[in-house]
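Reader: I would like to learn how to read this model feature by feature. Could you take me through it, giving the general idea and then the case at hand?

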Amino acid sequence: MLDKDGTRPKSEAGLRARRTHGTGVAGWLVAIATVMSLLFLAPAFAQTHQHGGATTETVQTQPEPATPVAEQAAPDAGAAGAAASVSYHNPTTFTLKTGIATGRMVYIGIGGDIDGKVNPTLMVHEGELVQINLINGEGAADNVVIDQYGARSSIVVGKNASSTFSFTAAKVGEFAYFCSIAGHRQAGMEGLIQVMAGPREAMASDAADVVRDPADLPGPIGQRAPKVVKVDLETVELVGKLDDGTTYTYWTFGSKIPGPFVRVRVGDTVEVHLKNAADSVMAHSVDFHGATGPGGGAHATQTDPGNETIVTFKALKPGIFVYHCATPSVAHHITSGMYGLILVEPEGGLPQVDREFYVMQGELYTVEPFGTQGEMEMDYDKLISERPEYFLFNGAVGSLTKTHPLYASAGETVRIFFGVGGPNFTSSFHVIGEIFDSVYSMGSIISPPIQGVQTVTVPPGGATIVDFKIDRGGHYVLVDHALSRAERGLAGYLIVDGPEDDDIMHSGPAEEPAK
Ligand SMILES: [Cu+2]
């Protein structure tokens, strides 16, 4: 077992102390200045720039914009106009599940004031961004349409399929929402949305930290015989901190991103208990890429809120594998945070290292542009056309720079288990200032690792293991070398204590040869 906590400063004070010491040494400051400006100054600048134009930009991304923002603010400018643009970033969200009640086809409200109500009236305020989640509860094909706003969901086909759409409630009044599939409105699928004049009072946001610390993983298994390993996973939906002043409704395994690191050995029997929290809105499931069988376990684990399912599989092959939720729409569940890694160790384990870390990459598709403050809303159109706003390590902007950097000491060997949840973008994983000594390419442990690698390709639903010895103290930077993504949140620090060996690198010319 590795003792990782002995030298890793966990407290904020410890972090500050280390940073203060660091600035005393000019070496890394100079060497890393370019990178810092790339990774920190540029995004900060971009955020400032985007705040001003956010409202207009966002409205342009609506499927069919009903009313331009300028028009909303015009009649009674000042307070009303300002409030409308503030509340715009705190969507009022409703979830409707299709079902049968007293012999009719209906929508049933889920959560909040409309919980359990049949064809509930949706109360919103003028100027609010309204988000409607539709879940198929009866297995037919359904949608939701609000004609007056030109707003509609995709058609959800099959039980538990879901769709999300949004619009700005720019017109005051009562409007029908209904299903436009032939016969469904007549059969009962109809309700009202009531848009009240004037803005709602702003709500304070108290968002959770959803970032999994990259040092949070179990130690090596080493030598032992195969056995039955019980794995408990709980799916949790929660509002989490995406960035400073910015939140997102994440769907997670265990309230953190990525989900718990599962560690077994080849030949183990893995008994997975998947519990879906009682306050979840969606059904969830889990597909282990390290398993062999229907859906990687997803067929056996489609789990409604408040329920638990169990699936058991044999770990037949060693490797580092992704697991993820596989409930439709799968891309929606994955982008929202539902992915993790399972390591199936070979007999006797992997070569020993001093420190192991756990990092995963994913993208987020929000209606609002990157850097917008407030609560972000998932954008289904951007998701299916692969136009992300955010690229993230471990679920949030600044996750591995500001709040949970990786810590090590010079002379140590380091291993990073790196996976891509995606759902869509391949990573060109690289650590600025380092060379990977060994790379288990494509997550294969059976094949011998390749040596001396700068950048490693990791596809969505794929993973790798990189090992390297750190020869010199300083700050190293984890990136996807598709570096535009660093401007959208993707960066991490590996902070290495210890001597900054001038023989390996120093600022200025090589020393005079001895005479
Ligand atoms: Cu899910």
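## Reading the model together

Author: Let us begin with Met505, which is exposed, with a relative accessible area of 53%. Here buried means under 20% relative accessible area, exposed over 50%, and partly exposed in between, with a 1.4 Å probe and protein chains only. This is a predicted model, in which local features need pLDDT of at least 70 and side-chain atom pairs count only at pLDDT 80 or more, while totals for chains, interfaces and linings use all residues. Residues are numbered from 1 along each chain as its sequence is written, and side-chain values use heavy atoms, with hydrogens and water left out.

Reader: Which side chain reaches the backbone oxygen of Met505?

Author: That of Arg472, at 2.9 Å. A polar contact is a pair of N or O atoms within 3.5 Å; within protein, one must be able to donate a hydrogen and the other to accept it, and residues adjacent in sequence count only if both atoms are side-chain atoms. Arg472 sits in the loop between β29 (462-469) and β30 (474-480), and at 16% relative accessibility it counts as buried. The C-alpha atoms of Met505 and Arg472 are separated by 8.5 Å, with the two residues 33 apart along the chain.

Reader: Which residues does Arg472 touch, not counting residues up to four places away in sequence?

Author: Contact means heavy atoms within 4.5 Å. On that basis Arg472 touches Ala410, Val496, Pro499, Glu500, Asp501, Asp502, Ile504 and Met505.

Reader: Let us turn to the metal. Which residues coordinate the copper ion?

Author: Donors are N, O and S atoms within 2.8 Å of the metal (3.2 Å for Na, K and Ca); water is not among the atoms, so sites may look incomplete. For the copper ion they come from His284 (ND1), Cys325 (SG), His333 (ND1) and Met338 (SD), at 2.0 to 2.6 Å. Along the sequence, these donor residues follow the spacing H-x40-C-x7-H-x4-M. His284 lies in the loop between β15 (269-276) and β16 (287-288), and Cys325 in the loop between β18 (319-324) and α5 (330-335), so the pair ties together parts that are 41 residues apart in sequence. His284 is buried, at a relative accessible area of 0%, and Cys325 is buried, also with a value of 0%.

Reader: Why is the arrangement around the copper ion irregular?

Author: Four donors count as tetrahedral if all angles lie between 85 and 135 degrees; four count as square planar and six as octahedral if opposite donors are over 155 degrees apart and all others between 65 and 115; anything else is irregular. The 4 donor atoms here subtend angles of 87 to 137°, which makes the arrangement irregular.

Reader: How should I read aromatic rings, and how many aromatic pairs are there?

Author: A pair of aromatic rings is described by the distance of the centres and the angle of the planes. Rings of Phe, Tyr and Trp (its six-membered ring) pair if their centres lie within 6.5 Å; planes under 30 degrees apart count as stacked, over 60 as edge-to-face and the rest as tilted. The count comes to 16 aromatic pairs. Phe391 and Phe425 have ring centres 5.2 Å apart and planes at 90°, so the pair is edge-to-face. Phe391 lies in strand β22 (residues 390-393) and Phe425 in the loop between β24 (413-422) and β25 (427-432), so the pair ties together parts that are 34 residues apart in sequence. Phe391 is buried, with a relative accessible area of 5%, and Phe425 is buried, with one of 18%.

Reader: And Phe429 with Phe436: stacked or edge-to-face?

Author: Their ring centres are 5.8 Å apart and their planes are at 15°, so the pair is stacked. Phe429 is buried at 0%, and Phe436 counts as buried at 0% relative accessibility. One aromatic cluster is formed by Phe393, Phe418, Phe429, Phe436 and Phe468.

Reader: To finish, how many helices and strands does the chain have?

Author: The chain has 6 helices and 31 strands, and 53% of its 515 residues count as buried.

Technical notes: Helix = DSSP H or I, 4+ residues; strand = E, 2+ residues; numbered from the N terminus.
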